[in-house]
Amino acid sequence: MNIQIEKINQLTADLKSQIVNHEIYREINSLIELRIFMEHHVFAVWDFMSLLKALQINLTCTSLPWFPVGNAKTRQLINEIVAGEESDLDEKGEVKSHFELYIEAMKQAGANTQPILNFIETLKNGKSFAEAYTIAHVPVAAQKFVNATFDIIHQNKTHNTAAAFTFGREDLIPNMFYSIVNDLNAENHNQVAIFKYYLDRHIEVDGDHHSHLALEMTSELCATNETYWTEALTTAQNALQKRIDLWDAALFEIRKIQEPV
């Protein structure tokens with residue numbers, strides 16, 4: 001492995017450990033708690049796709065007339081990830097993005113999809129992020145998480161976008177959580193089956209093949225530029241801390257509904 005990648009892994013190990021060992025996973029024991037988790041997590045799923053598209057826009061030609069853009073190797077890497085994330089197969093064999101699959105999982109579980117769907121629709125109608133947050137009643141923690149992601153995107157430093165995508169990505173989910181979801185699925189198969197399938201796809205695709213591609217892409221973009229590697233480390237650390245903050249907020253909401261009346 002690239003020595004700089006190893007350095008980032010070492011210097012972010014504590015933050016990753018805080019995510020993997022976060023108390024939120026121990027508090028999800030029913031569908032009610034799972035719904036709260038999903039209602040926060042869906043914004044991370046959505047802005048993960050936005051990071052992905054920002055990379056594709058910067059690393060490939062997405063306008064007409066077509067011209068070869070950048071390095072052919074990074075084009076190959078990002079296009080392969082995009083195809084898998086944006087056009088995967090759901091549990092029925094139908095083509096869906098991972099975000100659309102997550103929305104289906106939320107609907108099946110009875111989670112509230114209106115904030116994320118209204119948020120996206122409001123953005124489509126030309127409103128600002130601030131206006132969309134208010135109109136859609138987006139949780140404050142999710143607002144901060146999305147704002148941090150788009151701050152990175154708006155820097156227009158592709159190596160930083162790649163670092164956030166690679167090291168703050170969606171594969172930091174502990175085995176314990178998979179066990180909890182399996183148990184919930186056994187008890188409530190008609191309400192958790194799609195979410196279980198979503199997590200299974202993460203193990204099969206995101207947690208293995210795509211993570212290796214993303215690491216390779218980051219290495220290609222930072223190359224031998226020490227400044228890029230330093231910035232990539234800071235970006236990775238900040239992205240991981242924002243994930244911890246999002247989990248803290250979701251945990252707070254879960255514990256609120258667990259308090260005795």
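## The largest pocket

Helix 13 gives the largest share of the lining of the largest pocket, 7 residues. Helices here are DSSP runs (H or I, at least four residues), and they are numbered from the N terminus. A pocket is defined on a 1 Å grid over the protein atoms alone, as an open set of points where a 1.4 Å probe fits, with protein on both sides within 12 Å along at least five of seven lines; lining residues have an atom within 4 Å of a point.

The lining has 23 residues, and Ala148, Thr149, Ile152, Ala164 and Ala239 lie nearest the centre. Two or more lining residues come from each of helix 4 (31-59), helix 9 (140-155), helix 10 (158-167) and helix 13 (226-258). The pocket holds about 280 Å³ of space. That volume is the space filled by probe spheres set on the points, with grid points joined across faces, edges and corners. By class, the lining splits into 9 nonpolar, 7 polar and 7 charged residues. Nonpolar means Ala, Val, Leu, Ile, Met, Phe, Trp, Tyr, Cys and Pro; charged means Asp, Glu, Lys and Arg; the others, Gly among them, are polar.

## Basis of the model

The model is predicted: local features need pLDDT of at least 70, side-chain atom pairs count only at pLDDT 80 or more, and totals for chains, interfaces and linings use all residues. Residues are numbered from 1 along each chain as its sequence is written, and side-chain values use heavy atoms, with hydrogens and water left out.

## Helix 13 and its partners

Helix 10 and helix 13 cross at roughly 40°, and their axes come within 8 Å. Axes are lines fitted to C-alpha atoms, for helices over the stretch in contact, and angles run from 0 to 180 degrees between N-to-C directions. The two helices are therefore oblique to each other. Angles under 35 degrees count as roughly parallel, over 145 as roughly antiparallel, 65 to 115 as roughly perpendicular and the rest as oblique. The crossing of helix 10 and helix 13 is right-handed, that is, the near helix is turned clockwise from the far one by less than a right angle. Helix 10 contributes His159, Asn160, Ala163, Ala164 and Phe167 to the contact. Among the residues from helix 13 are Tyr228, Glu231 and Ala239. Contact means heavy atoms within 4.5 Å.

Helix 1 (residues 3-11) packs on helix 13 at about 30°, with the axes 10 Å apart. That makes helix 1 roughly parallel to helix 13. Their crossing is right-handed. Gln4, Ile5, Ile8 and Leu11 of helix 1 meet residues of helix 13 including Trp229 and Leu233.

## Helix 4 against helix 9

The axes of helix 4 and helix 9 come within 10 Å and cross at roughly 5°. The pair is therefore roughly parallel. From helix 4, the contact residues include Phe43, Trp46 and Asp47; from helix 9, they include Phe145, Thr149 and Phe150. The contact divides into 10 nonpolar, 2 polar and 1 charged residues.

## Two backbone sites

A cis peptide bond joins leucine 64 and proline 65, with omega about -5°. Proline 65 sits in the loop between helix 4 and helix 5 (72-86).

Asparagine 156 is a residue other than glycine with a positive phi, near 60°. Its place is in the loop between helix 9 and helix 10.
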